[in-house]
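Biologist: Could you walk me through a few spots in this model? I'd like the cut-offs spelled out as we go.

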Amino acid sequence: CHYCPQQMLITAYNHKFPNANKYMTFDDFKIILSKLTPECGIGWCGMSEPFQNPECAKMIKYAWEKRHKISLSTTLEGATWDDIRMIENVDFVSLVLHIPDSAMNSKFSLSNEWLEIFDYVNHNFSNIGYSCHGETHEIMKNRIIPGRVYQNSMHNRAGNLEYEELPTKTVSGKKACFFGD
């Protein structure tokens, strides 16, 4: 996406781990998860679109079955109908759907399949909020369900966002656990 510091993060990651796989494997995920207690929430967000990893849905379902609290922040780009069916019974603590903006600062295909998947998730999953990095794209205006959390500013978590044309917010002060009771 236009504003994303992903290339900077990938360059730093590749420098530190030059032989690392592009995607985390399901088997590696299971090993990592085996070292965590169920009280540890698992969030799919940041760095890149979660569904670009072909095993994303499998990991989400597995972590949920292991009783972890699950959050997901996604554009749904790369999600297939098989992925959606695999995770449709997951009780998400938070499910943030990134939606296209009118300037297309974010990369979306806006294909018929993507719109159908978005509409299905939007109407059939729970704990949904929206995130849009700019003014809402016209094609999405009638798809947004009133009363849901809607954010149009980006979290500048590590001071890496340099695209000043869009509003950002930086959290300071005391930090709180997202998955707390």
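This is a predicted model: local features need pLDDT of at least 70, side-chain atom pairs count only at pLDDT 80 or more; totals for chains, interfaces and linings use all residues.

Modeller: Residues are numbered from 1 along each chain as its sequence is written, and side-chain values use heavy atoms, with hydrogens and water left out.

Biologist: Which side chain makes a polar contact with the side chain of His98?

Modeller: His98 sits in strand β3, residues 94–98 (helices are DSSP runs of H or I with at least four residues, strands are runs of E with at least two, numbered from the N terminus). At 19% relative accessibility His98 counts as buried, since buried means under 20% relative accessible area, exposed over 50% and partly exposed in between, with a 1.4 Å probe and protein chains only. A polar contact is a pair of N or O atoms within 3.5 Å; within protein, one must be able to donate a hydrogen and the other to accept it, and residues adjacent in sequence count only if both atoms are side-chain atoms. At 2.7 Å, the partner of the His98 side chain is that of Ser73.

Biologist: How many residues does the largest nonpolar core have?

Modeller: A nonpolar core is a set of buried Ala, Val, Leu, Ile, Met, Phe, Trp, Tyr and Cys residues joined through side-chain atoms within 4.5 Å. Those with the most contacts inside the largest one are Trp44, Phe51, Ile60, Leu76, Phe92 and Val121, and its residue count is 33. Elements giving two or more residues to this core include α3 (56–65), β2 (70–74) and α5 (112–124).

Biologist: Is Leu76 buried or exposed?

Modeller: Leu76 lies in the loop between β2 and α4. Its phi is near 70°, positive in a residue other than glycine. With a relative accessible area of 3%, Leu76 is buried.

Biologist: What is the relative accessible area of Asn127?

Modeller: Asn127 belongs to the loop between α5 and β4. It also has a positive phi, about 60°, although it is not a glycine. Asn127 is partly exposed, so its relative accessible area is 43%.

Biologist: Within what arc do the buried residues of α2 fall?

Modeller: Phe26, Phe29 and Leu33 are buried in α2. They line one face of the helix, because seen down the axis of α2 (using directions from the axis to the C-beta atoms) their arc is 55°.

Biologist: Which elements do those buried residues of α2 pack against?

Modeller: Asp27 and Ser34 are exposed on the face of α2 turned away from its buried side. Going by contact, meaning heavy atoms within 4.5 Å, the buried residues of α2 pack against β1 and α3.
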